[in-house]
Amino acid sequence: MTAVDTELELTVGPPANGGSCIARHDGRVVFVRHALPGEVVRARVTGERGSHWHADAIEIVQASPDRIDSLCPIAGVDGAGCCDLAFATPEAVRRIKGDVVGNQLERLGGHRWQGRAEELGSAGATGWRTRVRLDVAADGVQAGRAGFHRYHSGDLVTELTCGQVPASMLAGLSESTWAPGAQLHVALDDDGVRHVVQTGPRSDRKATTRVVDGAYEATQRVGERTWRIPVTAFWQAHRDAASVYSRLVREWARLEPGMTAWDLYGGAGVFAAVLAQSVGESGHVVSVDTSRGSSRAARAALADLDWVEVLTDSVRRALAAQRHRADVAVLDPPRTGAGREVIDQLAAAEVPRIVHIGCEAASFARDVGLYRGHGYAVEEIRVFDSFPLTHHVECVAVLSRA
């Protein structure tokens, strides 16, 4: 007999990676979403995964003092999955994120760290997002309507009032009908211009792209340098992230004129720009990314920096081809992290200093452990609340090896 849809009264314990908190029922671990540590909740079981269950808190019996009215009007148990911690004070969310990262680092990285996530820039908890992708329902009563997905579901919430997004960014999109099965990529750039690009649906094995509003490329600035980034390509979602991370990378890299730096998973070359400033014309910077669009944007934005080499390739192949050791490597991998093979290559290349950025706590912690296994020491870690209202976090570590 399945436990799904069973309702339980649970006392909620510490936070887990992924946005849930841990409770126990008859010795079984239950991961409860929409709950906070210390609360007593009535929860509905939503899934069974062998020795543990997943559940949603559908009634708060005893509330945490950190609980507030949701800052996202469309998120919640039966709503969109966009803002899974919108019901907690921003201060509590940052504390929870710090606890989660610390736990993952100790378990997976063998490194003890205690702290809390730092507020990123001055945007606050709402209205901070500058890029978003919406899906368009392919069939049913919602066919042709754009929306946000419910948690782990193909169903869409077509009310576009997510707390992360400035109201002007999605204005008018919910009133329009779009090609069923398409995606809408929306960007609000640094000139305050909105861009909307529709991709798909695929037909005859071809993907169509159509500019609906603005242009295909958005203007983004970091410091005095300007990028033109395709709306469909990667750029930091938080309006302050690129500037904050760039300053930190420059500080932690400790580069001097004439040195060599590797910018791995470099995207549009934002970090390559600050690394190039540090090493000067007598130095060398190699920026690597698999995205052709991002590489084109990097070459255009950094065209005046002759000592920057932009490669469109996998990091593994690019590292295997390098003939000169880097003094510093900066990595900003996807959510899955860099992994063993890349970190083995960096260690074999005897790179003495690493700045590693991770947007998923478990993979970041695992990567820290892999570095430590090669003799790297963690000098410092900072954790940023780069995705307010959600459980997502950005971690930055600087590691060194003599």
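**Notebook: helices and salt bridges**

I started with helix α1 (residues 90-109): at 1.5 Å a residue its 20 residues should span 28 Å, and the end C-alpha atoms are 27 Å apart, which agrees. The expected span is 1.5 Å times one less than the number of residues. Helices here are DSSP runs of H or I with at least four residues, strands are E runs of at least two, and both are numbered from the N terminus.

I noted that this is a predicted model, where local features need pLDDT of at least 70 and side-chain atom pairs pLDDT 80 or more, while totals for chains, interfaces and linings use all residues. Residues are numbered from 1 along each chain as its sequence is written, and side-chain values use heavy atoms, without hydrogens and water.

Next I looked just past α1 and found glycine 110 with a positive phi of about 65 degrees.

Then I turned to salt bridges (a side-chain nitrogen of Lys or Arg within 4 Å of a carboxyl oxygen of Asp or Glu). The structure holds 16 of them.

Aspartate 66 is partly exposed at 21%, and arginine 95 is partly exposed at 31%.

Last, I looked at aspartate 367 and arginine 366, whose side chains meet in a salt bridge at 2.8 Å, N to O. Aspartate 367 is buried at 0%, whereas arginine 366 is partly exposed at 31%.

Note on methods: Buried means under 20% relative accessible area, exposed over 50%, partly exposed in between (1.4 Å probe, protein chains only).
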